[in-house]
Amino acid sequence: MTPVIALVGRPNVGKSTLFNQMTRSRDALVADFPGLTRDRKYGDGNYEGRRFIVIDTGGLTGDEAGLDAEMARQSMQAVEEADIVLFLVDGRAGLTAGDEMIADHLRRTGKKAHLVVNKTDGQDPDVAAADFYALGFESVYQIAAAHNRGIRSMLELLLGEL
Ligand code: GDP
Ligand code: MG
């Protein structure tokens, strides 16, 4: 089975940027996977001959009511479909209340998620990530999606774990 990787996190943390870096063909839609619906964005990735599917989502704000309800539903659907859940946060913005709510939400799904600190460019990645250890994830990656930094080594470890 081709592993499925879901990207979740607040809007603007860099999920779509990471999606584009992880997929060979930009915005490639994957139609031949039963059980996957099309209302989230699916892409086809390949890391050293290992194929994977990546799901981009609109984002979670932590406010699961009101206007964000549909976006939240999509994100949680992606989490359910995924073998690997990547929870992206913004290393420039630092830890926000929204991140904490999403972390709680993910914890309640019972599915293991990996914390990915993005936008670590232009600063010490360890300093950028320090804030986020409070969220209690055992697996933390530091990347700069816009600069294609940290993504390959992250995939190596994630796919190696399966
Ligand atoms: P999404 O809403 O989570 O999908 O976030 P986007 O991928 O649309 O990115 C939001 C903004 O963050 C855009 O302006 C990106 O160019 C910027 N961005 C994404 N990744 C990085 C990064 O690694 N470093 C920096 N400095 N900016 C980034
Ligand atoms: Mg996006």
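Guide: Welcome! Helices (H or I, at least four residues) and strands (E, at least two) are DSSP runs, numbered from the N terminus. Residues are numbered from 1 along each chain as its sequence is written, with chains lettered from A and ligands numbered from 1 in the order written. This is a predicted model, where local features need pLDDT of at least 70 and side-chain atom pairs count only at pLDDT 80 or more, while totals for chains, interfaces and linings use all residues.

Visitor: In what order do the elements of the protein chain run from the N terminus on?
Guide: The protein chain has five helices and six strands. Starting at the N terminus, their order is β-α-β-β-α-β-α-β-α-β-α.

Visitor: In which element of the protein chain is confidence highest?
Guide: Confidence per residue is given by pLDDT, the predictor's own score from 0 to 100. Its mean over the protein chain is 86, with 83% of residues at 70 or more, though it stays under 50 over residues 28-38. Helix α2 (residues 69-81) has the lowest mean, 82, and the highest, 98, belongs to β5.

Visitor: What ipTM does the predictor give the complex?
Guide: Two scores are given for the complex. The pTM is 0.89, and the ipTM is 0.99.

Visitor: Which element gives the largest share of the shell around ligand 1?
Guide: Around ligand 1 there are 15 residues, of which G14, K15, S16, T17 and A146 come nearest; near means a C-beta atom, placed from the backbone, within 6 Å. Five are nonpolar, seven polar and three charged, where Ala, Val, Leu, Ile, Met, Phe, Trp, Tyr, Cys and Pro are nonpolar, Asp, Glu, Lys and Arg charged, and the others, Gly among them, polar. The largest share, three residues, comes from α1.

Visitor: Is T17 buried or exposed?
Guide: T17 belongs to helix α1. A residue is buried with 20 or more other C-beta atoms within 10 Å of its own, exposed with 12 or fewer, and partly exposed in between, all placed from the backbone. T17 has 20 such neighbours inside 10 Å, so it counts as buried.

Visitor: Which residues does T17 touch, not counting those up to four places away in sequence?
Guide: A contact needs two C-beta atoms, placed from the backbone, within 7 Å. Under the sequence limit you mention, T17 touches A145 and A146.

Visitor: Where is the place of E48?
Guide: E48 has a positive phi of about 45° without being a glycine. With 8 other C-beta atoms within 10 Å, E48 is exposed. Its place is in the loop between β2 and β3.
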